[in-house]
Amino acid sequence: MPGSVPPSPTVTDDAAVSPVTVSGPAHLLRVTLLMAGSCLPILGAVLIAPVLPKMQDHFASVPGAKALVPLALTVPALALALLAPFAGVIVDRLGRRRLLIVATVLYAGFGTAPLWLESLGAIIASRALVGVAEAAIMTCCTTLIGDYYSGQRRVRYLALQTMCASASATVFFVLGGAAGSAGWRVPFWVYAVSLVLAPLMASALPAPVTSGSAAVVEPRRAFPWRQLGGVCALTFFGAMVFYTVPVEMSYLLDDLGVESSGVIGLATAVASAATMGGAVVFARLRRAPEPLLPVALAVCAAGFGVMSVAGNAALLVIGAVINCVGTGMLLPALLTSAMSRLAFADRGRGTGLWLAAFFGGEFVCPLVLLAGEAVVGSLAGAVGVLGVAAGGVGVGLMGRRPTAGRRGWSRSSPRP
């Protein structure tokens with residue numbers, strides 16, 4: 001984004017004082033619920049992955065089942081990417097808290113529907129509806145973090161959101177595999193957990209307010225498309241960088257002769273831990289997000305470089321760990337940067353656009369790497385090319401002039 005964007009009171013890091021309490025049991029419950037809600041889309045993305053072969057066997061007689069069954073896993077992410085912007089508009093018009101509660105209840109209904117549905121088409125349709133609910137839940141939770149907290153507190157909880165999502169992916173994969181041993185339908189019962197969260201959200205999450213020293217909202221102002229567009233474009237690319245290790249690690253290990261699911265699972269868990277570590281590093285650096293983006297991309301590129309030349313599993317895991325430290329820094333930096341550009345009235349729509357960019361990048365990641373593999377001849381080579389691209393983007397960002405969003409960042413905000 002060019003640095004000629006004029007300063008605007010609508011493009012700030014909001015109030016230095018959070019509009020809600022930031023200590024005590026009520027605060028702890030509020031943060032816990034926001035993090036739990038943020039993990040529900042991760043639940044939808046990975047829970048049933050271990051039972052896909054059993055689903056494949058169950059629907060073997062259905063024409064096209066080989067292509068349709070995997071859609072049960074991927075269609076929620078696609079629906080989330082397509083609908084998150086619209087969810088953001090609804091969030092700004094109807095309110096974050098109300099929509100979050102309704103979507104959390106619907107998530108349970110749509111998520112558990114395959115327990116009694118017999119048609120593969122109907123199951124895929126219910127999974128698409130899960131994605132609709134996820135779009136609303138993720139948009140609302142992220143928007144509420146931006147509403148409730150400011151400055152370093154906001155940085156801390158957006159980083160915590162990344163950490164929780166990374167940790168939950170590993171937990172849900174294991175849970176799905178354990179539950180799936182009793183039958184491919186059993187893991188779908190886990191979606192009912194949102195029925196526990198909904199009443200707690202209704203009682204513990206206050207309606208956000210704009211009073212106090214919050215940023216001034218000008219009447220009839222235009223939505224900050226120009227300021228947010230660059231962050232969303234970078235987020236689309238960053239999502240491809242982020243999703244490469246979770247999606248392709250098993251294939252890269254297989255290319256090296258590793259076929260043990262236990263070893264593959266352990267490697268994935270180690271990488272997830274590294275992502276959490278990167279998010280912790282980001283939160284503890286206490287710096288504006290924009291200057292950290294080139295650093296995060298450089299770390300990601302270095303990890304991809306090691307992975308592309310790895311001749312054994314140990315070196316491949318080392319490269320994946322380096323890369324995931326970078327992605328753990330990259331995601332909260334991108335999200336915090338986007339939040340700093342949004343006034344209260346625009347935050348829902350802006351968050352929806354950011355999430356659409358992120359999940360859109362995740363969806364195309366395997367396709368991009370598949371195309372790269374066809375060009376360079378190997379998956380490892382395609383990962384290396386993506387690493388070069390990440391490094392190039394990082395170098396390009398180093399030459400940017402300060403933007404309005406960066407000028408609005410205040411290091412004087414209170415620390416958590």
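This is a predicted model: local features need pLDDT of at least 70, side-chain atom pairs count only at pLDDT 80 or more; totals for chains, interfaces and linings use all residues.

Residues are numbered from 1 along each chain as its sequence is written, and side-chain values use heavy atoms, with hydrogens and water left out.

**Exercise 1.** Work out how many helices and strands the protein has.

*Solution.* Start with the rule: helices are DSSP runs of H or I with at least four residues, strands are runs of E with at least two, and numbering goes from the N terminus. Applying that gives 14 helices and zero strands.

**Exercise 2.** Find which residues touch the most other members of the largest nonpolar core.

*Solution.* A nonpolar core is a set of buried Ala, Val, Leu, Ile, Met, Phe, Trp, Tyr and Cys residues joined through side-chain atoms within 4.5 Å. Buried means under 20% relative accessible area, using a 1.4 Å probe and protein chains only. The core has 115 residues, and I48, L100, Y107, M307 and W354 touch the most other members. Helix α5 (residues 120-148) supplies the largest share of this core, 14 residues. Now zoom in on I48: skipping residues up to four places away in sequence, I48 touches A72, L73, R127, F188 and Y191.

**Exercise 3.** Decide whether S337 is buried or exposed.

*Solution.* First, locate S337 in helix α11 (residues 313-339). Next, check its relative accessible area: at 2%, S337 is buried. Finally, list its contacts (heavy atoms within 4.5 Å). Leaving aside neighbours within four places in sequence, S337 meets V231, P289 and E290.

Technical notes. Buried means under 20% relative accessible area, exposed over 50%, partly exposed in between (1.4 Å probe, protein chains only).
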